[in-house]
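Here are my notes on this model, point by point. They cover the overall fold, the sheets and the helix packing.

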Amino acid sequence: MRTPAQPPYPAHWEADVVLRDGGTARLRPITPADADRLVAFYERVSDESKYYRFFAPYPRLSDRDVHRFTHHDYVDRVGLAATVGGEFIAVVRYDRIDEHGRAAAAPADRAEVAFLVQDAHQGRGLASVLLEHLAAVARERGIRRFEAELLPANTRMAKVFTDAGYSQRRSFADGSLHLTLDLEPTARSLAVMRAREQRAEARSVHRLLAPASVAVVGVGRRPGGAGRAVLAGLLAGGFTGSVHAVNAALPESTTELGGAPAHRRVTDIDGPVDLAVLAVPASRVAGAVADCARAGVAGLLVLAAGHDREQQRELVHLARSHGMRIVGPNAFGLINTDPEVRLNASPAPRLPAAGRIGLFTQSAAIGIAVLDELARRGAGLSTFVSAGNRADLSGNDLLQYWDDDPATGVALMYLESVGNPRKFTRIARRTAAAGTPVVVVRGGRHSGGTPPHGHAVPAGHASEATVSALLGQAGVIEADTATELLDIGLLLAHQPLPQGPRVAVVSNAEALGLVTHDACRAHRLRPLDPQGLGPTARPADFGAALAAALADPGVDAAVVAVVPTVSETPGAAGDHTARLLADLAPALGTALADAATGKPVVVAQLALDDLATALTTRGIPVYPSAERAVRALAKAVGHAEWRASAAHPGEQPAFTDIDEDAAAEHVVTALDPHRTVTLNHVATHRVLTAYGIPLLPAHPAPDARAAVAAARRIGFPVALKTTAPRLRHRPDLGGVRLDLTTEGELRRAYAELTRQLGDPAELRPVVQRMAPRGVDTVVRATVDPAVGAVLSFGLAGAPAELLGDVAHRLLPVTDRDVRELVRAIRAAPMLFGWRGARPVDTAALEETLLRLGRLLDDRPEIAAVELEPVVVAPHGVTVLGATIRVASPPPRLDLGPRRLPAF
């Protein structure tokens, strides 16, 4: 039996974090077993830092101090430590106090907080991240405010508090600065946290991609094997740092291996090692990681496959706890073409050309294929990471790095799973809006997808269509294949975004021009009539035609489609083709440069593959078919439209008539911590009414007499319908009778309904007032554990249920979001007067969507809402049926303190 002196250890407070310099640390609660660690830590702290902490000289901790600082109840007294290699490098604690500053217990909601950071680790952002985590712990324990006393000279610690973004107050008394922080997260505190997260994670990637020294562990004494291949690639690529070969079986006398200094262990290398490439079998990786930890290596690249989930977890724990991040296991490698780095830490035989494409893959095979295709098409890249099982470093980290990397113009990603969709879409939106498009292929997207071996991702229930729509909302460009990924990337890396869908087509073959024109129409572009130059067109003719097209204010982009000439004159066709190959690229490049209109140009060629390198080096992407060129151009047009809309996201109306307290009362009262609860009709009606959503009351009718009585109360005409689950929202099964104007009609309808469909106890009939005629729609809002809260809209019945014609938006939504949501479905014309019908009140529909979005924003306990049907009439909206389910809200990790995922 536990005693108060031995409170349960809160393991969920443990976290791995990335620090400002890109290194990692382990945060955990302090326990009584940490007494020796605390004393050793304190001895490494300078006298000045001790003075700032205790306001007086305090050379050593007394036994009483050590007991106090290591014994906590994890409620009123909490201490957290940041550790590297198991040793403390920083500590923070809070003690709950009352309004007079005396020790207190709940319900007191304030606490005194104090930090101490080892001098050698100051400036790494430890205090900031510890404050984030301690604030989250405090909120969990019912503490709403932190108070701190600082010496005025302790400006560094004062800045930690003032820069955190929380609402705060400060005062001076008795020679000290008193700070009070309200711990409720604010928009500014979240922005500060995410900006720090971006800088730290970007720096952790930079340490891996721009090392000053690399050690290859597992270099064979004879040619062959992964270690030798990586070592050769580093040396042949001209890596600008130092390279070391490591082989535990080397004779003591061996000092050189494969052209690099040789060592038996990483710890034998003089000087720091920034990156260790582990090219050893899976069974030896753990030992190699431990050796790297002892040597203080900054980062690891693990090539070996064959680790199960538990083995991967142990590797990641060991690496992170010693300040290292891992790429892999089962990784292909890292490449950085920056002339100041020239890193090829992969088995690839040569360093690719420099370019503006950043590439991330999980699959080594896909990475190899894309690298080969880049080389074949004469293109280059900025950086490349193949993360394999991505047990640690992920695509999110690379997006953080590319977000402010001037060498990367477009981010290409092949993902076998999206481990943290909320974070991914947030980062991708920010990156794309800032000018770096994100293009993604999701492996297995139509077959459910398979997470990497040994890797776990959060389970989600969102459909493929939902996930795709949400990625699109975040500005992510989805490609279906690795080939299309590269097609889009080449255009976005080198050409400006088109300002509209109007496309000029220039070709020397009428048939190819028509194919290009039709491809544009198929992708909802607006092509002008093809400009045929004729089969004898010279490169200069192409250049002149392109210049004229780019100068046309009615053109937003141009497609040049070219084929070899066919001639009856012997040798003429060959001579003409030779001229095209030699002179077309300079002619088009000159026309594009001289025009300087900011309009993109793409080239589609047939049987002229040798054009690729010459045109690509001039920044003009080349495609082996018109269809591929136009598809890439269409994706660029769509992305330009998204970026324009992202610059003006719309507003969220205030809705001053909402009664939050009334809705909260019914939601909270119904909560059951162990299961999901469906609100009854009365509670559902009151919650929706509190948010201004017009739900038409449904009156139970267990028999014909009750049905007539209900109709008398609400007035004729009425509707009679069943609410049995098997018949709900299925008017085709005969469970609905409309426009009943008299008691006799109602009685006959009731008798007919029960005779045809069954007993009233099973059918659960209800009577409703007739709503105005209009278009029946369905509105749903659900909370998915992987992607967050999603608002969905479609037309009721076959369009949504059979054809899947449903549009989705992530919450929260703005007025612009809901306007686009209503118009995003294919059946949207039904709302706007299709075939002469009267248009319906889409403004009222959009307001209903906004109000429902606000409801889910305000009440995280709501797990799902379904409104069906929502009748949109020419004037107004009526909700005829509604279901609300509530459950204990899942933790919002994206709103909590920074932490690396634990898989």
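1. A term first: two strands count as paired if DSSP finds at least two bridges between them. The model is predicted. With that in mind, strand β23 (residues 502-507) and strand β24 (residues 526-527) pair in the parallel sense, over 2 bridges. Val-503 has Pro-527 as its bridge partner in β24.

2. Strand β26 (residues 557-562) runs parallel to β23, and 5 bridges join the two. Here Val-503 is bridged to Ala-557 of β26. Strand β25 (residues 531-532) also pairs with β23 in the parallel sense, over 2 bridges. Ser-507 stands opposite Gly-532 in that strand. How much of β23 is buried? The strand is mostly covered, with 5 of its 6 residues buried.

3. The overall picture. The chain has 903 residues, and 53% of them count as buried. Its secondary structure comes to 27 helices and 39 strands. The C-alpha trace spans about 105 × 100 × 50 Å along its principal axes. Take the contacts between residues at least 6 apart in sequence: 71% of these join residues at least 24 apart.

4. An open sheet of 7 strands has mixed pairing and the order β11-β12-β10-β9-β13-β14-β15. Its edges are β11 (256-257) and β15 (325-327); each has a single partner strand, so one side of each lacks a neighbour in the sheet. Helix α6 (residues 187-209) packs on this sheet. α6 touches β13 (275-278), β14 (299-302) and β15, and its direction makes about 60° with that of β15.

5. Within that sheet, look at β10 (residues 242-246) and β12 (residues 260-263). They run parallel and are joined by 2 bridges. Val-246 has His-263 as its bridge partner in β12.

6. Strand β16 (residues 333-336) and strand β19 (residues 381-386) pair in the antiparallel sense, over 4 bridges. Asn-336 is bridged to Thr-383 in β19.

7. Last, a helix pair. Helix α26 (residues 815-824) packs on helix α27 (residues 842-858) at an angle of about 120°, and their axes are 9 Å apart. That angle makes α26 oblique to α27. The crossing is right-handed.

8. Which residues of α26 and α27 meet? From α26 come Asp-815, Val-818, Arg-819, Leu-821, Val-822 and Arg-823. From α27 come Thr-842, Leu-845, Glu-846, Leu-849 and Leu-850. By class, this contact has 6 nonpolar, 1 polar and 4 charged residues.

Note on methods: Residues numbered from 1 in each chain as written. Predicted model: local features only at pLDDT ≥ 70, side-chain atom pairs only at ≥ 80, totals over all residues. Heavy atoms only, no water. Contact = heavy atoms within 4.5 Å. Axes fitted to C-alpha atoms, helices over the stretch in contact; angles between N-to-C directions. Parallel < 35°, antiparallel > 145°, perpendicular 65-115°, else oblique. Left-handed = near helix turned anticlockwise from the far one by under 90°. Nonpolar A, V, L, I, M, F, W, Y, C, P; charged D, E, K, R; others polar. Buried < 20%, exposed > 50% of the residue type's maximum accessible area, 1.4 Å probe, protein only.
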